[in-house]
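Colleague: Could you walk me through this chain and tell me what stands behind each word you use?

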Amino acid sequence: MEFLTLARKYQDQMIEDLQALIAIPSLSDEAHATSIAPFGPKIREALDWMLNKGKADGFDILDVDGYAGLISYGNQTQSIGMLGHLDIVPIGEGWSVDPFGGEVKDGYIFGRGSGDDKGPTIAAYYAMKIIRDLGVELNKKIMLIVGCDEETGMRCMKHYIDNAPLPDMGFVPDAYFPVIYGEKGIMVVKLSGQKKTVIKSLHGGERPNIVLGKCTVEVFGKPKEDELRLFCRSHRIKASYKYLADSTEYTFEGKYSHASTPQKGQNAAVYALNFVAAAYQDEAAAALSTCLYSYHGTGFNIEFNGAHMHDLTLNLGIVHIEKENFDLTLDIRYPNDVDFDFCINNIENTLAKDASWLTMEVVAHKEPLFVDPNSDLVKTLHNVYREVSGDDFTPLKTMGGGTYARTLPNFVAYGMSFPLRKLPDFAGDAHQKDEAIEIESLIMACAIYAQALYRLTYENEK
Ligand SMILES: [Zn+2]
């Protein structure tokens with residue numbers, strides 16, 4: 001079956017539909033939420049557009065209370081799903097085209113949501129249509145789920161799971177090819193306690209998942225100028241100080257990064273604690289820097305290099321120290337072959353030994369996503385990608401970040417960014433200005449999804 005040729009036949013329709021969807025500014029607007037539009041009227045409009053399209057084409061549709069929609073084909077017991085989303089992020093500034101115009105220029109379609117995730121959702125929709133139009137008897141039902149709240153908390157999928165039928169397995173066209181078959185487990189841990197300290201105040205960070213790029217600490221007492229110079233030289237970090245009446249204010253300049261890639265950043269708060277511990281012989285700061293100095297979690301004895309997902313990472317994302325009260329928030333991401341309880345026990349044991357004045361609390365936890373790379377699903381998806389794109393070299397991937405795929409069991413992320421088809425300078429990526437998607441990529445992704453559905457619902461079982 002020549003799926004690329006089949007997909008090309010729908011090129012004009014796909015472009016037209018994507019333009020219609022881009023024209024709906026489906027931003028979250030909860031101030032105007034209603035019982036049928038929990039994320040506001042514009043997202044509701046995009047959902048209606050998509051469901052009406054499915055209905056007009058003869059598919060079965062289900063409105064899951066405005067949280068999500070389901071467009072499906074067939075009534076077999078087993079099922080394959082695809083999961084896309086219709087909500088977009090705010091447009092931001094600096095666009096050179098109309099963010100809702102859907103302009104076509106040099107082989108690209110421009111507009112907020114073109115790449116994330118309206119374009120990929122349209123590609124998945126037409127893949128389902130191509131398979132339906134083949135008229136062969138499938139052994140699995142095909143389900144396209146469209147979520148309405150991917151960008152602002154993924155509550156859509158929580159509601160969907162509680163209220164609508166779940167596919168047995170499937171893929172999410174909202175990341176990269178070839179296949180992302182694993183994502184680390186993510187836990188947010190709070191440490192708090194009271195202890196005598198030379199620190200007058202230290203406040204930094206707003207989110208656990210960002211490496212603290214800059215941090216100011218106020219310490220009782222005179223500046224330790226020589227110690228600071230030495231510290232900066234040996235740690236290759238920038239810092240400055242100001243002498244106030246009875247205290248010294250130090251500012252450390254690290255480097256911001258996402259918590260899933262701490263090696264790309266420099267955590268200014270960890271350096272600040274480290275410096276105070278050394279220069280002022282402060283016991284509380286010393287205990288903290290012993291626990292937190294390594295972004296691999298070595299200080300808590302939770303360092304681990306996973307077979308598929310590589311290193312466990314630890315990030316100190318938020319710190320509040322004032323009046324001898326300590327409050328720290330950590331983001332810890334662990335590979336699938338690490339046990340959650342192993343992490344918790346080791347952190348607790350370390351605290352009991354080195355910082356018994358601190359208590360820990362897990363405030364959030366997401367299990368790792370892991371689908372066996374040798375499973376039929378992953379192997380089929382990978383083979384189809386190779387055959388259609390000709391890219392035999394890019395390996396399967398895992399990630400530290402969290403995608404939409406982790407909301408459903410047996411789901412992996414699958415495109416539709418092509419590693420060998422980089423966007424040119426005039427086309428923006430997801431969440432950037434001038435967001436655009438290449439028309440050829442749209443066609444290729446559609447062909448890949450169609451061929452994958454065909455194999456998973458028909459050919460493999462013949
Ligand atoms: Zn997305």
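Colleague: What does the domain assignment of the chain give?

Modeller: Domain 1 (3–184 + 369–461) and domain 2 (185–366); such bounds come from an automatic or database domain assignment. Before we go on, this is a predicted model, where local features need pLDDT of at least 70 and side-chain atom pairs count only at pLDDT 80 or more, while totals for chains, interfaces and linings use all residues. Residues are numbered from 1 along each chain as its sequence is written.

Colleague: Why is helix 2 called oblique to helix 4?

Modeller: Helix 2 (residues 11–22) and helix 4 (residues 114–134) pack at about 140°, with their axes 10 Å apart. That makes helix 2 oblique to helix 4, because angles under 35 degrees count as roughly parallel, over 145 as roughly antiparallel, 65 to 115 as roughly perpendicular and the rest as oblique. Axes are lines fitted to C-alpha atoms, for helices over the stretch in contact, and angles run from 0 to 180 degrees between N-to-C directions. As for the elements themselves, helices (H or I, at least four residues) and strands (E, at least two) are DSSP runs, numbered from the N terminus.

Colleague: Which residues meet where helix 2 packs on helix 4?

Modeller: From helix 2 come Met-14, Asp-17, Leu-18, Leu-21 and Ile-22, and from helix 4 Ser-114, Lys-118, Gly-119, Ile-122 and Tyr-126. By class, this contact has 6 nonpolar, 2 polar and 2 charged residues.

Colleague: What can you say about helix 10 and helix 11?

Modeller: The axes of helix 10 (residues 376–389) and helix 11 (residues 439–457) come within 9 Å and cross at roughly 140°. Helix 10 and helix 11 are therefore oblique to each other. Their contact has 9 nonpolar, 3 polar and 1 charged residues.

Colleague: What makes strand 14 and strand 21 edge strands?

Modeller: They belong to an open, antiparallel sheet of 8 strands in the order 14-15-13-11-19-20-10-21. Strand 14 (238–243) and strand 21 (358–366) each have a single partner strand, so one side of each is left without a neighbour in the sheet.

Colleague: How do you know that strand 10 pairs with strand 21?

Modeller: Two strands pair if DSSP finds at least two bridges between them. Strand 10 (residues 185–194) and strand 21 run antiparallel and are joined by 8 bridges, so they pass that test. Helix 9 (residues 340–354) packs on this sheet, touching strand 10, strand 20 (325–334) and strand 21.

Colleague: What is the strand order in the open sheet of 3 strands?

Modeller: The order is 4-5-26, with antiparallel pairing. Strand 4 and strand 5 (residues 108–110) pair over 2 bridges, and the bridge partner of Lys-105 in strand 5 is Tyr-108. Helix 4 packs on the sheet too, touching strand 5 and strand 26.

Conventions: Contact = placed C-beta atoms within 7 Å. Nonpolar A, V, L, I, M, F, W, Y, C, P; charged D, E, K, R; others polar.
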